[in-house]
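Dear colleague,

Please find below the structure for your review. My findings follow after it.

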Amino acid sequence: MIKALEDIVSQYEQTQIFVLADSCLALDLPYPTLRIEASEENKSLESASEIWTWLTKKNATRKAVLVNIGGGTICDLGGFAAATYLRGIDYINVPTTLLAMVDAAIGGKTGVNHGGLKNRVGVFRMPKAVIIEPSFLETLPTDELLSGFGEVLKTALLIGDGVFASALSALDKLASLGRLSRVSQLIDTCRAYKESVVAQDSTETGLRKVLNFGHTVGHAIEESLASHSEKVTLPAAKRSLHGYCVVWGMVAELYLSVVLLGCPKELLQQMTKVLLDYYGRPNCNCKQQEELINFMRQDKKNAASDAINFTLLKKAGDPIINQVAPKDLIKEALDYLFSV
C-alpha cells in the first residue's frame with residue numbers, strides 16, 4: 001500500500017475505512033472496496049446512490065473515511081458521495097491520472113453530471129488529504145497523459161511565460177522515455193498554484209474563477225460530443241477526454257482574449273500549434289455553433305441567463321475573470337477553432 005495513505009488512514013478506526021476505486025486498477029488493499037468503471041456515464045446520481053447504499057450496508061458511520069483511488073471521475077464522484085452521506089464524512093483522494101493530480105483531486109469541488117450537463121449537482125467539501133503518487137503515470141495511456149497535460153497547459157498559462165515555456169518543452173518530450181521526471185515538477189507547480197487560489201476563494205465567488213480558463217467552450221464541446229456519442233468519428237478514447245476539450249476551449253478563448261483584451265497573438269499561435277501537433281481538431285463543425293452556444297448558456301459561471309461568462313487572458317500570467325463576449329464574436333472564435 002502507498003505509505004502516505006497508510007499513515008493517514010491509521011488515524012481512523014480500522015472498520016471505518018472504505019475504498020472507492022476505478023475498476024481498471026489492480027489493487028490489493030485490506031479494506032472494503034467498491035469498484036466502479038470510471039466513465040462520464042457513471043458520474044451520476046445513480047452511481048452516488050450505489051455508493052451510499054454500499055456504505056450503509058457496510059455500517060459506515062460519521063467517523064468513516066472514503067478513500068477515492070482513480071482519475072477525476074472517481075475523485076469527483078467519491079467526494080460528492082462522501083460529502084452527502086450522513087451529511088458528510090471524510091474523504092481522501094489518491095489520483096491516478098495526470099488530470100486528477102493537477103486539477104480534479106484538488107480544491108474540494110465534488111459533483112456528478114445531470115441532464116446532460118457536466119458537474120450540474122455537487123458541493124464544495126475539502127478532502128482530508130490528496131496523495132500524489134507519480135508512479136501511476138508510468139503506465140498511463142498516452143491519450144490520458146495528453147488529456148491531463150491540457151490542464152497543465154491551462155495552469156501554466158495562468159501562472160506566466162516561464163512556466164508555460166517549461167510546459168511546452170515537457171510536452172514536446174512527453175512521448176520519450178523518462179516521462180515521470182519530466183512532469184513531476186510541473187505537477188508540484190500546478191498543485192501549489194491551485195491550492196493557493198482555492199485557499200483565497202474556496203467557493204468560487206471571485207479569484208477561483210481564473211481556473212475556468214478554457215472551460216466555458218471546453219465544457220460545451222465535451223457535452224456536445226457526449227450527446228452525439230453515437231455519431232462522432234473520433235476514437236472512443238478521445239470523444240470526451242476532458243483535457244482535450246480544455247485545449248480546444250483554450251484556443252477559442254485565446255481568440256476571444258486577443259480581440260477583447262489585446263492578448264499577444266503569439267499565445268494563440270502557440271496553442272494552435274499544440275492543438276495541431278498533439279490534440280487534433282474537435283469533431284464539431286459550424287452547423288453545431290448554436291448547440292455549443294446553448295451549452296455555454298447553461299454554464300454554472302454565468303451570472304445571468306442571457307450572458308456567457310469567460311475567464312480570458314490579457315497575457316500569460318494575467319487572467320481576467322467575468323468577461324462577456326457577444327454571440328457573433330463567440331461564433332467567430334468557434335469558426336477559427338473548427339477551421340484552423
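The expected span of a helix is taken here as 1.5 Å times one less than its number of residues. The model itself is predicted.

By that definition, helix H12 (residues 327–339), with 13 residues, reaches 18 Å from its first C-alpha to its last, close to the 18 Å expected. Its buried residues are Leu329, Ile330, Ala333, Leu334, Leu337 and Phe338. The elements that cover the buried residues of H12 include helix H8 (215–227), helix H9 (242–261), helix H10 (265–279) and helix H11 (289–297), together with strand S8 (309–315).

Helix H2 (residues 45–57) also has 13 residues, and from first C-alpha to last H2 reaches 18 Å, close to the expected 18 Å. Which residues of H2 are buried? They are Ser47, Ala48, Ile51, Trp54 and Leu55. Seen down the axis of H2, these buried residues fall within an arc of 120°, so they line one face of the helix. After H2 comes Asn59, which has a positive phi, near 60°.

S1 and S2 run parallel and are joined by four bridges. Opposite Ile36 in S2 stands Asp22.

A further point concerns Asn93, which lies in strand S4 (residues 90–95). Is Asn93 buried or exposed? With a relative accessible area of 2%, Asn93 is under the 20% cut-off, and therefore counts as buried. The side chain of Asn93 makes a polar contact, at 3.1 Å, with the side chain of Asn68. Neighbours within four places in sequence aside, Asn93 is in contact with Asn68, Cys75, Ala105, Pro127, Ala129, Val130 and Ile131.

Yours sincerely

Definitions and conventions: Residues are numbered from 1 along each chain as its sequence is written. This is a predicted model: local features need pLDDT of at least 70, side-chain atom pairs count only at pLDDT 80 or more; totals for chains, interfaces and linings use all residues. Side-chain values use heavy atoms; hydrogens and water are left out. Helices (H or I, at least four residues) and strands (E, at least two) are DSSP runs, numbered from the N terminus. Buried means under 20% relative accessible area, exposed over 50%, partly exposed in between (1.4 Å probe, protein chains only). A polar contact is a pair of N or O atoms within 3.5 Å; within protein, one must be able to donate a hydrogen and the other to accept it, and residues adjacent in sequence count only if both atoms are side-chain atoms. Contact means heavy atoms within 4.5 Å. The arc is that of the directions from the helix axis to the C-beta atoms. Two strands pair if DSSP finds at least two bridges between them.
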